[in-house]
Structures are given as structure tokens and as C-alpha cells.
Amino acid sequence: MSSSGLDIAELSDSERSALETYTTVTGQEPSEAIPLLRRCQWNVQIAISKFFDGEGPDPVEEARAVLDNTPPPRSNRQTQNLMRDDLRAQLAPTIRAADPALRVVTQPEEQPVYRPPLLLALLFTPVNLLYRFIREFEEEYGTNSLGFLENGYNMVLEKAHQDLKFLLVVLLAPEHDDTNGWVRDTLLSREVVEFVNDPQNDVLIWGGNVQDSEAYQVANSLRCTKFPFAAAIVHTPNVSSTAMSVVTRISGTTSPPEFVEKLRSAISQYKEPLERIGASRAEQQASRSLREQQDSAYERSLAIDRERARQRREAEAARQREEQEAAERQAAEEKRIHDQDQWKRWRVQTIPDEPGPEVKDAVRISIRLPSGERVIRKFGPDADIEELYAFVECYDILQESQERDTDVEKPSGFEHEYQFRLVSPMPRTVHEIDAGRSIRDQIGRGGNVLVEPIDEESDEEEEDA
């Protein structure tokens, strides 16, 4: 025997299966789980919802209490006697203040917040509950054209607010005696279905089974005490910019004409304010779209101006770089020419004079300059080949004056390079300056040499060949 006084072996197979599923999800002891499952008539879904959301008064029992004129169970939730409301409605003016439609909270504030595992949260979301309600509704009453929304109540309430539509909330208590007849004869009647589906009426429909936790909370929020129950909710701008209010309640059994007439009356009363809000929203949206287009055009124009300015800056920077590089190249070339001239004047100082007739073994060289001029000169037998190169390089300086400067210094940091080569024509022999041999060793006692300017591109082609 368990602590609850019930032997688990006495349970039926379906009850044991429900108990096992419930305890697996909640972790509750069987002694505590069995009484709750009994109160939920062994409906695992309802029991799990009550375990996580907290138990409250049963709206079905409260409705039965109203019908039987017996006091309902005491609760901290406020209830409403719709019979008294109907009487007040008859005595009140035609247009009366609408009651606010609050969003539901599925867990009382005083109850500790429970964070279910992700898998459990996915299994028992309001969307799944609504899908189950729609599936069970179609299994019971057949396929219909009402088009219940599958979103949770709060989401549907927000959608009705955003779209400026009427939200028709239908709450059913399957155990109520009038539920089946009212659904078949009124809710699914051709007159009601056509009215709800008429696009001009702007009606969204949401339904729920009060045995499910969300629909149960919605029933308490809308102060439902009599079944079947339907309520029309709409945005009421005269209350606040975000207010959603219950503009009509339809409780108990009603005929299709009565049902449609109550909806039509509520819709006609609040249709014009909604249209004004819609027109205002459309105007605001048009103004917003116009501003966005203007801002977008301004941003595009600004981007084009920025790009053009960037291109101008880059072009100016490139021009300045080119001018600077050209100036640097010109300065470098002018310095090279100056250093070259200074080097030749310095080198002229060290070129020895031509040997006289007394030097019997002097080397006689016939030099053919690039200008075509031929120069004949003698060099000492031991003179280095570089001396012949220096003579050719400084020939123009030697021609300017017979008197040589003696105080010219070698330019600092300047590395002189000969831009020509000396070649004997037959057979063709290039007398390299870096061979390190004397004139006599390379040319002999005399000979002819040609001055060939060095062409770097021609040299590269010869090397490639």
C-alpha cells in the first residue's frame, strides 16, 4: 500500500501509464501525484499544467454552481455573474465602457518561478496546446471553416492590436451539457461562419479548452462563469494607445441570429474608431516611408559626395606624389650630373701626362669616340686599363683648358660608374675595366679601340642570347 492509501496495483493499465508519465516529467512522489491525477480525471496534460502553473478554482465547477444557484468555491480570483451583467446591460445606456482584456500570466506571482527543461518547454508550449485543441475540435465536430489561430492567446491579442481587428475568443467546457449542441447549432452554423469569415468584419478567432492551462487562465482573465462562452476583444484607443478591451460577452446557449447580432452590434460600435486609427497609422506609415526614402536618397547623395571627395583627395595626393617624385628624380639627376662633373675634374688631376719620345716602349692607342672623332694618344707601358677609361671619360675636360685644377676634391658619397666600354674591333675584344691588367697586357704595343656606350637593354638581350 502507498502512503496515499491506494495500492498502485489496483490502478488500471491506463492509470498506471498516466502515473508513470506524470512522475517522470514532474519527479513527484506517487503519494502526491495520485490525488492530483484523480482531480484531473487522469488527464496527464492537465495535471502537468497544474503542477507547473499552480492549481486554481475549476471554472466548470464555478459555472455549475451559478446554474444550480449554489455558492462556488472561494478563490482569490475575481468572478463575475453574467446573469447580473446581462441585467445591467439592459438598464445601461446603449454605449457602455468596455472592460479591459488583460494578457494572461500562466503562473501566480506568489508561486516560485519554475524553469522547466528545454525539452519539456518545447513539448508543452501554448502553440502545441492550441494545435491539440484544434485537432480535437475537428475530430469531435468535423472539418470546419472557422480558422482558429494556432498561436498563444497573448500573441493573438497582440496581433489583433497591431492589425486593428476584432478578436473572437471561444472557450469550451467539454463536460458542460450545452457545449455540443451550441457548437454544432450556433458556432458552426452557416450564418456565424460566414459572418466570422467575412473580410469586411475583420474578425480573428481563437479557441481553447478550459481543461488546458492557458485557456483556463484566459477564462479567469475574462471573468467567464457560464459556458459556452465567447467574447469579442478589440483595441480601444479612448482608453489608451495600447488598451485591448472586451466589447461584448456571449454566455450560455444562444441562437445563430442572436450570436451574430451581438457581434455585429459590437463591431459597428467600434468599427469607425478603428478605421480612424487605421487611417492615422497609414498616414504615419506613409510619412515614415517618405522620410525613409528622403533619408535614403540623402544618404546615397552623401555617399556619392563622399566618394567624389575621396577620389579628388586621392587624385590630388597622387598628383602631389608624382610631382614630388619628379622633383626628387630631377634633383637626384642634377646632383648626379654635378657629382659626375666634379668627379671628372677631380680625376683629371691624377691623369699623367702623355709619355714623351724618350719613352721607347710607350703604348700608342687610336681611340674612336662615339662622336666619330678619332684621338691618338700614348700611355705608359705600365699604365692600368682604368687610366685609358679615365682619359676617355675626362676627354672633354682635358680639351677645355691645358691648365688643370689642383684643388678639386672627390665628391663625397659618389660612386662613379663608366657608362661605356672599350672594344678592339678585329677581332672584337672587350677590354673590361675590372680585369685588373695593364693597357699593354690587354691591347699590346698599340691598337685601335672603339668607345661603345653601354645600353642596358642591349646587354640584357645579349646575356639572354
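**Figure 1. Contact between helices α12 and α13.** In this predicted model, Gln340, Trp343, Lys344 and Arg347 of α12 meet Glu386, Glu387, Ala390 and Glu393 of α13. Sorted by class, the residues of this contact are two nonpolar, one polar and five charged. Helix α12 covers residues 256-348 and helix α13 covers residues 385-393.

**Figure 2. Crossing of helices α12 and α13.** Two packed helices are described by the angle between their axes and by the distance between the axes. For α12 and α13, the axes come within 10 Å and cross at roughly 120°. The two helices are therefore oblique to each other. The crossing of α12 and α13 is left-handed.

**Figure 3. Crossing of helices α10 and α12.** Helix α10 spans residues 190-197, and its axis comes within 8 Å of the axis of α12. The axes of α10 and α12 cross at roughly 20°. An angle under 35 degrees counts as roughly parallel, and α10 and α12 are therefore roughly parallel to each other. The crossing of α10 and α12 is left-handed.

**Figure 4. Residues in the contact of α10 with α12.** From α10, the contact is made by Glu191, Val192 and Phe195. From α12, Pro256, Pro257, Phe259, Val260, Leu263, Arg264 and Ile267 take part. By class, the contact of α10 with α12 has eight nonpolar and two charged residues, and no polar ones. Glu191 of α10 and Arg264 of α12 are the charged residues here.

**Figure 5. The second largest cavity.** The structure holds two cavities of 30 Å³ or more. The second largest cavity, shown here, has a volume of about 40 Å³. Its lining is formed by Phe166, Leu167, Leu168, Val203, Ala232, Leu263 and Ile267. Two elements, β2 (166-172) and α12, each give two or more residues to this lining. Strand β2 gives the most, with three residues. By class, the lining of the second largest cavity has seven nonpolar residues, with no polar and no charged ones.

**Figure 6. Leu263 and Ile267 of α12.** Leu263 and Ile267 are among the α12 residues in contact with α10. Leu263 and Ile267 also line the second largest cavity. Among the other residues that line this cavity are Val203 and Ala232. On the α10 side of the helix contact, the residues are Glu191, Val192 and Phe195.

Conventions:
Residues numbered from 1 in each chain as written. Predicted model: local features only at pLDDT ≥ 70, side-chain atom pairs only at ≥ 80, totals over all residues. Heavy atoms only, no water. Axes fitted to C-alpha atoms, helices over the stretch in contact; angles between N-to-C directions. Helix = DSSP H or I, 4+ residues; strand = E, 2+ residues; numbered from the N terminus. Parallel < 35°, antiparallel > 145°, perpendicular 65-115°, else oblique. Left-handed = near helix turned anticlockwise from the far one by under 90°. Contact = heavy atoms within 4.5 Å. 1 Å grid on protein atoms, 1.4 Å probe; cavity = no way out; pocket = protein on both sides within 12 Å on 5 of 7 lines; lining within 4 Å. Points joined across faces, edges and corners; volume = space filled by probe spheres on them.
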